[in-house]
Amino acid sequence: MQRSVSDRPSYLHLWHEFLNIQPKRFPREYPFYKSTGVMNVSTVFPEGVGETERSQRHASASVKDDEDVQDRFNRAKDFVGLEEVTKVEFLVMLLAETLGTFLLVLIGCASCITWTADNPPTVVHIAFTFGLAVASLAHVLGPVSGCHVNPAVSVGLLVSGNCSFLKTVCYIVCQCCGAIAGSGVLKLLIPKEAIGQGLGATGLGEKVSESQGIFMEAIITFLLLLVVHAVTDPKRTDTKGWAPLAIGLTITVSHMAAVPVTGSSMNPARTLGPAVILGEWKDLWVYWIGPIIGACAAGVLYKMAFRRKKEDDEASYDF
């Protein structure tokens, strides 16, 4: 029996039905069929996703990107520290660093001067003078500027993320100025005969090479910076209140070990002050390279391996 011409579907109608075949028309027993959703090539979103949901996805991705950019910007701003150094209070911190290094060099180097040939200063005498001087200054200047009084300490804290870049640069300039002023005042306070003994300037020991001097200075400064990071870490309660004494004793024991080898500077500014006043520049670079290498190594090691992670507070040298 044949259909009439009027009942016969047109080719256009058959093609329309073919394009609108639903997945349910396929038998379930066909293993090759698995509904994955038809993808819209123009938007790369499954068909059926509304414009509202697409807008929400785009907005969510945009917000996440903005947060990442803002986070990177904040970290870069904290590293540079422009906002910190533009405050009026920062001038007080610079004054504290200048004064602290001035007193450290004046008092410490005074202990190194030989007043009489038959009674030269001993290693123990020099070691305790520098150690107790730093401990005393830390009690006074710690709450103000952190009492770095040492360019190597500032660089080590910069590496570990506890001191901004601009703050470190400003601190180093003030520390060097304070050291030079301290040596200058010391020169005015002692007789000319005593000035000939070196004004407390550091120098390599007999038969000590420059590489050996750098290595020794790096070791003792490495120890100093490890102690500084440990006793000022707010996540550690066992060292609370011990920072000045611990740092002072570290400087003392380092001097006992290294005075015969390098003079135990562990502080580039402490060496720079007498060198400028006396005009003697021999091996000065040793006392910059060695301490800075040791400080950087200690900062990286403490940050990556030794820092407590129980709290969110960052360690700092401020007491």
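Colleague: Hi! At what angle do helix H6 and helix H7 pack, and how far apart are their axes?
Modeller: Bear in mind that this is a predicted model. In it, H6 (residues 151-159) packs against H7 (residues 165-189) at about 175°, and the axes are 9 Å apart.

Colleague: Is H6 roughly parallel or roughly antiparallel to H7, then?
Modeller: Roughly antiparallel, because the angle between H6 and H7 is over the 145 degrees used as the cut-off.

Colleague: Nice. Which residues make the contact?
Modeller: On the H6 side you have Pro 151, Ser 154, Val 155 and Leu 158. H7 brings in Phe 165, Thr 168, Tyr 171, Ile 172 and Gln 175.

Colleague: And how many of those are nonpolar, polar or charged?
Modeller: Six residues in the contact of H6 with H7 are nonpolar and three are polar, with no charged ones.

Colleague: Switching to the loop between H6 and H7: is Cys 163 there buried or exposed?
Modeller: Cys 163 is buried, because its relative accessible area is 7%, under the 20% cut-off.

Colleague: What is Cys 163 in contact with, neighbours within four places in sequence aside?
Modeller: Its contacts are His 148, Ser 154, Leu 157, Leu 158 and Thr 168. Also, the C-alpha atoms of Cys 163 and Phe 79 are 7.7 Å apart, although 84 residues separate the two in sequence.

Colleague: New topic: which residues does the UniProt "transmembrane region" annotation cover?
Modeller: The unreviewed UniProt entry gives 90-117, 123-144, 165-190, 214-231, 243-264 and 284-302.

How values were computed:
Residues are numbered from 1 along each chain as its sequence is written. This is a predicted model: local features need pLDDT of at least 70, side-chain atom pairs count only at pLDDT 80 or more; totals for chains, interfaces and linings use all residues. Side-chain values use heavy atoms; hydrogens and water are left out. Axes are lines fitted to C-alpha atoms, for helices over the stretch in contact, and angles run from 0 to 180 degrees between N-to-C directions. Helices (H or I, at least four residues) and strands (E, at least two) are DSSP runs, numbered from the N terminus. Angles under 35 degrees count as roughly parallel, over 145 as roughly antiparallel, 65 to 115 as roughly perpendicular and the rest as oblique. Contact means heavy atoms within 4.5 Å. Ala, Val, Leu, Ile, Met, Phe, Trp, Tyr, Cys and Pro count as nonpolar, Asp, Glu, Lys and Arg as charged, and the others, Gly among them, as polar. UniProt positions are given in the numbering used here, feature names are shortened, and annotations may be inferred rather than shown by experiment. Buried means under 20% relative accessible area, exposed over 50%, partly exposed in between (1.4 Å probe, protein chains only).
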